Amino acid sequence: MDTVDRETQTSNSGRKRGGWITLPFILGAVAGLTLATGGWAANLMVYLIQVFNFKSIDAAQVSNIVNGGSSLFPIIGAIVADSFLGCFSAVSVFFSISLLGTGFLALTAIVNSLRPHPCDVGASFCKAPSKVQFLVLYSGIALASMGQGGCRLILATMGANQFNKPQQQGVLFNWYFFTQYTASVIGVTAIVYIEDNVSWGLGFGLSVAANFIGLAILLLGNWFYLNEKPQGSPFMNIARVLVAAFKKRNLPLSAMADDYYNGHHQQTNVEAAAPKKSFRFLNRASLKAEGDIGADGSIAKPWRLCTVQHVEDLKSLIRIFPLWSSSIFLSTPIAIQGSLTVLQALSSDRHIGKHFKMPAGSMIVILLISTSIFLTLIDRVLIPMWQKLTRKSPSPLQKLGLGHVLNVLGMAVSALVESKRLKIAHAHHQSPQTSMVPMSVLWLFPQLVLVGIGEAFHLPGQVSLYYQEFPASLRNTATAMIPLVVGIAYYLSTAIIDFLRRVTSWLPDNINNGRLDLVYWTVTVVGLLNFGYYFACAKLYKYQNVEKEVASDSTSG
């Protein structure tokens, strides 16, 4: 495949495959999927509270679990695409699963027998959903999450596979993320507004329609896609290194380069040499032993012998793991804030002007807009200014560090705003039957803006770091490390909220009677401690590839 120009490759019928002709189909699929997901996921917590009679904190927990699952499924999708189906088939399957799940959710909103009786205003007891209603609801949520999560990352990889030049792939990624953010804003504003002010059935129906149209656009482009065959998951090579190193744990290491296996009749990124001295216990995986190599020079026992390249790939992952792990507690406060901000909005005055009432589920749009704006400002204004002052570009670790700082500030502002909201609530002696506090929802904007600006720094920083520092054989899955972090963070945030509910009285069903501000102060302290951990990891980390690329760029310039 490397020797073939992807833009000029043709099928047996002579039809051109790959290149810019595929861009509208890729972006159309992304727009449809993201629009559909924004329409149901952003307002899921409100739907569970108002229609399925969930308690507020329980709804927040379900929302966090759903977001976590949606962020973990890209890893599963990448493995399925790499190992079994290929990009197009995997995207088609997961896209169809998303459509089925969204359809189930729409049925719960349209068919009266699939949802419980509405809870009367001021009632102390509300009828819980039946087993059948729970089954349809959770089936829809699970399938929709699995579908959109499974194909979200593969769509980006599939788009990049249509080009063989990095510059063209860069343009593709710019359009991909622009389309994704734009569709997200439309989904969490227009569709959510319809759900809150017209009907849930119509809103979820629009999500189904958007998902169907996106799938149709994806399938129509099959005539033009350049489809690569699955080549096996790189995670299998990681497992082989660990197993082979364990099996040969008693063999003495050698200083001779010829005693290590560098591959057979294949191009590798590592010269025929001994593995590096770091993490020496893994070097045994590439140490030749009797019976490991066949008569033709190939590996006879794959679980006893690996190439030096595979060993060094695993070492690269181990080196970057501490930095990667620091991003978990960078994302966890964001996940906690995301669900709790919706509860704060539900308890605040959401009128903006005389005729518009902002949907609580649309609060995330403030974060999306601030991230989008500052992505542009950082690229066009801040980075050029930095380059003029320092004569070099900011490193990925510097961007990540600034993102950490802004994230902590966002949590501190959240705590201060919640303290003000609670004072107003107590001053007006809110009754148990009402949770509305006479405080404008605009007070919640600054905390979301700060976190959004932080994301504009740390998300591109993570993408650059992982893509540049991961081994070449793992770069296709490097970007999957970010949704994996987010997924873990959502599940961790669920565990933290559940723990706080058990050991404190900070999170009652009516948050006006709780201490949400102390929850925010807790995650602020956690964020500060995590920043200290990140700072230590960043100080000790030595770039493997970034400095080489910077040097080559300056030389070519």
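These exercises cover helix packing and aromatic pairs in a predicted model.

Residues are numbered from 1 along each chain as its sequence is written, and side-chain values use heavy atoms, leaving out hydrogens and water. Local features need pLDDT of at least 70, side-chain atom pairs count only at pLDDT 80 or more, and totals for chains, interfaces and linings use all residues.

**Exercise 1.** Work out how helix H1 packs on helix H4.

*Solution.* 
- Locate the helices. H1 spans residues 23-41 and H4 spans residues 87-110. Helices are DSSP runs (H or I, at least four residues) and strands are E runs of at least two, numbered from the N terminus.
- Take the geometry. The angle is about 30°, and the axes are 11 Å apart. Axes are lines fitted to C-alpha atoms over the stretch in contact, with angles from 0 to 180 degrees between N-to-C directions.
- Classify. H1 is therefore roughly parallel to H4 (under 35 degrees is roughly parallel, over 145 roughly antiparallel, 65 to 115 roughly perpendicular, the rest oblique).
- List the contact (heavy atoms within 4.5 Å). H1 gives Ala29, Leu33 and Trp40; H4 gives Phe95, Ser98, Thr102 and Leu105.

**Exercise 2.** Classify the packing of helix H10 against helix H16.

*Solution.* 
- Start with the numbers. H10 (residues 328-346) meets H16 (residues 516-540) at about 165°, with axes 9 Å apart.
- Apply the cut-offs. The two helices are therefore roughly antiparallel.
- Find the residues. Among those of H10 are Phe329, Pro333 and Ile336; they meet H16 residues including Val519, Tyr520 and Asn530.

**Exercise 3.** Which class does the ring pair of Phe134 and Tyr138 belong to?

*Solution.* 
- The structure holds 12 aromatic pairs (rings of Phe, Tyr and Trp, using its six-membered ring, with centres within 6.5 Å; planes under 30 degrees apart are stacked, over 60 edge-to-face, the rest tilted).
- Read off the values. The centres of Phe134 and Tyr138 are 5.4 Å apart and the planes lie at 10°, so the pair is stacked.
- Place the residues. Both sit in helix H5 (residues 131-160), four residues apart, about one turn of the helix.
- Phe134 is partly exposed at 26% relative accessible area, and Tyr138 is partly exposed at 37% (buried is under 20%, exposed over 50%, partly exposed in between; 1.4 Å probe, protein chains only).

**Exercise 4.** What does the pair of Tyr193 and Phe356 tie together?

*Solution.* 
- Classify first. The centres are 5.8 Å apart and the planes at 15°, so Tyr193 and Phe356 are stacked.
- Locate each ring. Tyr193 lies in helix H6 (residues 166-197), and Phe356 in the loop between strand E1 (348-349) and helix H11 (364-390).
- Conclude. The pair therefore ties together parts 163 residues apart in sequence.
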